[in-house]
Amino acid sequence: VKKFYAPHIRTVRNNGFICSLKQIPFCCFQVTLEEVNSQIALEYGQAMTVKVLKADGEMMPIVVVQNATVLDLKKAIRRFMELKQQREGGVKYISWRYVWRTYHLVFQGEKLEDDTMRLKDYGIRNRDEVTFMKQLRKK
């Protein structure tokens, strides 16, 4: 993963286009190229931000491409959490297999169960909120 250090820079110039990096956490001033590309895609309308609300009230701004699937969203959540752990420390390992067996994503009361279905098909648009909920046990 390529990183660059930008303690005082809050904008990136790409072919004369300036975009703001408001959603990238600057706690350690380490920004990955992937995060910069995501912000540029947002500015050009090629990506959208999905706000994922965790049970503890934390809001995770997840950037995915416009035609992303549920699986793409899950991978982006995983990447977001990995970067957060690297920057803040904490838990070294998360079993994502366990996470997706135990929790599911919900949008307006509907579970996002089909990983191949596009977010648009569920009606999810830019800046919509998806909830990260614990699954009820099946007997």
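**Briefing: a mixed sheet and the residues around it**

Threonine 69 is found in the loop between strand 6 and helix 2, where helices (H or I, at least four residues) and strands (E, at least two) are DSSP runs numbered from the N terminus. The structure is a predicted model, in which local features need pLDDT of at least 70 and side-chain atom pairs count only at pLDDT 80 or more, while totals for chains, interfaces and linings use all residues. Residues are numbered from 1 along each chain as its sequence is written, and side-chain values use heavy atoms, with hydrogens and water left out.

**The loop residue and its surroundings**

- Threonine 69 is buried, with a relative accessible area of 17%; buried means under 20% relative accessible area, exposed means over 50%, and partly exposed lies in between, using a 1.4 Å probe and protein chains only.
- If residues up to four places away in sequence are not counted, threonine 69 touches Asp115, Thr116, Met117, Arg118 and Leu119, a contact being heavy atoms within 4.5 Å.
- Aspartate 72 lies in helix 2 and counts as partly exposed, at 32% relative accessibility.
- Although aspartate 72 and aspartate 115 are 43 residues apart in sequence, their C-alpha atoms are 8.2 Å apart in space.

**The sheet and the helices on it**

- An open sheet of 5 strands has the order 6-5-9-7-8, with mixed pairing, and two strands pair if DSSP finds at least two bridges between them.
- The edges of this sheet are strand 6 and strand 8 (110-111), each of which pairs on one side only.
- Helix 1 (residues 33-43) packs on the sheet and touches strand 5 and strand 6, its direction making about 110 degrees with that of strand 5; axes are lines fitted to C-alpha atoms, for helices over the stretch in contact, and angles run from 0 to 180 degrees between N-to-C directions.
- Helix 2 (residues 70-88) also packs on the sheet, touching strand 5, strand 6 and strand 7 (103-107), and its direction makes about 130 degrees with that of strand 6.

**Strand 5 and its partners**

- Strand 5 (residues 47-53) is mostly covered, since 5 of its 7 residues are buried.
- Strand 5 pairs with strand 6 (residues 59-65) in the antiparallel sense over 7 bridges, with alanine 47 bridged to valine 65 in strand 6 and leucine 53 opposite methionine 59.
- These two strands form a hairpin with 5 residues between them, and glycine 57 in the turn has a positive phi of about 95 degrees.
- Strand 5 and strand 9 (residues 129-134) run parallel and are joined by 3 bridges, with lysine 51 standing opposite glutamate 129 in strand 9.

**Methionine 59 in strand 6**

- Methionine 59 lies in strand 6 and is partly exposed, with a relative accessible area of 35%.
- Leaving aside neighbours within four places in sequence, methionine 59 is in contact with Lys51, Val52, Leu53 and Glu129.
- Methionine 59 and valine 130 are 71 residues apart in sequence, with 9.7 Å between their C-alpha atoms.
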